[in-house]
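Colleague: Can you walk me through this one? I am new to reading models.
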Amino acid sequence: MKKANRLTNNASFSYIYKHGKAVHGAVLAVHFVVAGSIKVGISVSKKIGKSVIRSKVKRRIKESFRHIIPLLSAKCNYVVSAKEGIAEKDFAYIDKELRALLKRVKHLD
């Protein structure tokens with residue numbers, strides 16, 4: 001994912017959690033708020049596993065979102081949160097669920 005599309009500031013995450021809307025799936029939750037550009041932040045709790053597992057999950061979510069960014073119809077800031085059970089899922093499952101969540105809120109055709 002390009003640097004211009006990353007959310008890194010803790011205040012941005014807090015703002016999206018507080019003022020945005022959310023949609024939940026089995027192993028992912030997507031929080032979003034309308035903005036001027038598309039930016040993505042990824043949140044993976046220590047409940048998911050050790051650092052190696054958390055990094056693996058983050059890489060899979062980033063790669064999935066990298067392919068989705070050109071297809072998005074809404075300019076929003078997103079925070080993708082991983083839920084327990086994601087560590088056992090493969091990339092195809094994560095990609096499919098992320099696309100389904102974005103279609104549910106009509107940000108992806």
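Modeller: We can go from the overall fold to the aromatic rings.

Colleague: What kind of model is this, and how are residues numbered?
Modeller: This is a predicted model, in which local features need pLDDT of at least 70, side-chain atom pairs count only at pLDDT 80 or more, and totals for chains, interfaces and linings use all residues. Residues are numbered from 1 along each chain as its sequence is written, and side-chain values use heavy atoms, with hydrogens and water left out.

Colleague: How many helices and strands does the protein have?
Modeller: There are 3 helices and 4 strands. Both are DSSP runs numbered from the N terminus: helices are H or I with at least four residues, strands are E with at least two.

Colleague: In what order do the elements run from the N terminus?
Modeller: The order is α-β-β-β-α-β-α.

Colleague: What is the radius of gyration?
Modeller: The protein has 13 Å, which agrees with the value near 13 Å for a compact globule of 109 residues. The radius is taken over C-alpha atoms, and the globule rule is 2.2 Å times the number of residues to the power 0.38. Along the principal axes, the C-alpha atoms fill a box of roughly 35 × 30 × 25 Å.

Colleague: How much of the protein is buried?
Modeller: Buried residues are 40% of the 109. Buried means under 20% relative accessible area, exposed over 50%, and partly exposed in between, with a 1.4 Å probe and protein chains only.

Colleague: New topic. How many aromatic pairs are there?
Modeller: The count is 2 aromatic pairs. Rings of Phe, Tyr and Trp (its six-membered ring) pair if their centres lie within 6.5 Å; planes under 30 degrees apart count as stacked, over 60 as edge-to-face and the rest as tilted.

Colleague: How are Phe-32 and Tyr-78 placed?
Modeller: Their ring centres are 6.3 Å apart and their planes are at 45°, so the pair is tilted. Phe-32 lies in strand β2 (residues 28-34) and Tyr-78 in strand β4 (residues 76-82), so the pair ties together parts that are 46 residues apart in sequence.

Colleague: And what about Phe-65 and Tyr-78?
Modeller: That pair is tilted too, because the centres of Phe-65 and Tyr-78 are 5.5 Å apart and the planes are at 55°. Phe-65 is in helix α2 (residues 51-68), 13 residues from Tyr-78 in strand β4.

Colleague: Are these two buried or exposed?
Modeller: Phe-65 and Tyr-78 are both buried, and Phe-32 is buried as well.

Colleague: Which residues form the aromatic cluster?
Modeller: Phe-32, Phe-65 and Tyr-78 form one cluster.
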